Structure formats: structure tokens, C-alpha cells
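Dear colleague,

I am handing over the structure below, and after it I set out what was found in it. Please read the notes with the structure open beside them.

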Amino acid sequence: MAAQKIRWYVKAQLGVLLLPAGLCLFGEAVIRKGIQVLAATGKVETLTTPGPWFWYGTFGLILINAGVGLMIESGLLRGYPGRKP
């Protein structure tokens with residue numbers, strides 16, 4: 001029973017940590033894409049290249065979905081282990 005509670009706690013906390021990490025990466029991708037578009041139009045000059053915004057966004061969306069999925073699985077489907085419905 002204790003192993004089930006630890007597994008539930010780790011899944012719930014991992015979901016809570018993955019969601020904001022994914023949101024940060026997705027926001028970084030949006031910023032990098034914006035810099036690239038502005039640099040292409042000549043409105044702003046960048047000192048460095050904006051970087052691989054596509055992969056930042058892709059990995060960010062993967063983390064967002066994983067975090068939401070873990071939180072839903074741990075909270076809505078089963079709730080805290082050992083709790084009587």
C-alpha cells in the first residue's frame with residue numbers, strides 16, 4: 001500500500017512540474033519565432049540567430065500534454081490512494 005501512495009505522489013508532482021516547464025518552453029519558442037519574423041522584415045536587428053524555435057515549441061507541447069495527463073490520471077481517475085469514495 002505504501003508503494004502505491006508513493007507512486008501516486010510522484011505522478012502527481014511530476015505532472016505539476018511538467019506543465020509549467022512546458023509552458024515556459026512553448027513561450028520561449030513563440031519569442032524566438034517572433035524575433036525571427038521581425039528580423040526577416042527588417043524591423044529589428046538581432047545580434048544572434050533566434051535558434052531552433054520549432055523544436056522548443058514541439059518539446060514544450062509534449063511536456064504540457066504529459067503534465068496535464070499525469071495530473072488528470074492521478075487526481076480525477078483515482079484520487080488519493082486509500083481514500084474511500
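In helix α1, the residues W8, A12, G15, L18, G22, A29 and R32 are buried, where buried stands for under 20% relative accessible area, exposed for over 50% and partly exposed for what lies in between, with a 1.4 Å probe and protein chains only. Please bear in mind that this is a predicted model, in which local features need pLDDT of at least 70 and side-chain atom pairs count only at pLDDT 80 or more, while totals for chains, interfaces and linings use all residues. Residues are numbered from 1 along each chain as its sequence is written, and side-chain values use heavy atoms, with hydrogens and water left out.

Helix α1 covers residues 2–41, and its 40 residues reach 59 Å from the first C-alpha to the last, close to the 58 Å expected at 1.5 Å a residue (the expected span being 1.5 Å times one less than the number of residues). After α1 comes G42, which has a positive phi near 85°. The protein as a whole has two helices and zero strands; both kinds of element are DSSP runs numbered from the N terminus, helices being H or I with at least four residues and strands E with at least two.

**Salt bridges**

The structure holds two salt bridges, each defined as a side-chain nitrogen of Lys or Arg within 4 Å of a carboxyl oxygen of Asp or Glu. In one of them, the side chains of E73 and K11 meet at 2.9 Å, N to O, and this pair links distant parts of the chain, since E73 lies in helix α2 (residues 53–77) and K11 in helix α1, 62 residues apart. E73 is partly exposed at a relative accessible area of 27%, and K11 is likewise partly exposed, at 24%.

The other joins the side chains of R32 and E28 at 3.1 Å, N to O. R32 and E28 are separated by about one helical turn because they are four residues apart in helix α1. Whereas R32 is buried, E28 is partly exposed at 31% relative accessibility.

**Contacts and burial overall**

Of the 85 residues of the protein, 20% count as buried. Among contacts with a separation of 6 or more, 81% come from residues 24 or more positions apart, a contact being heavy atoms within 4.5 Å.

With regards
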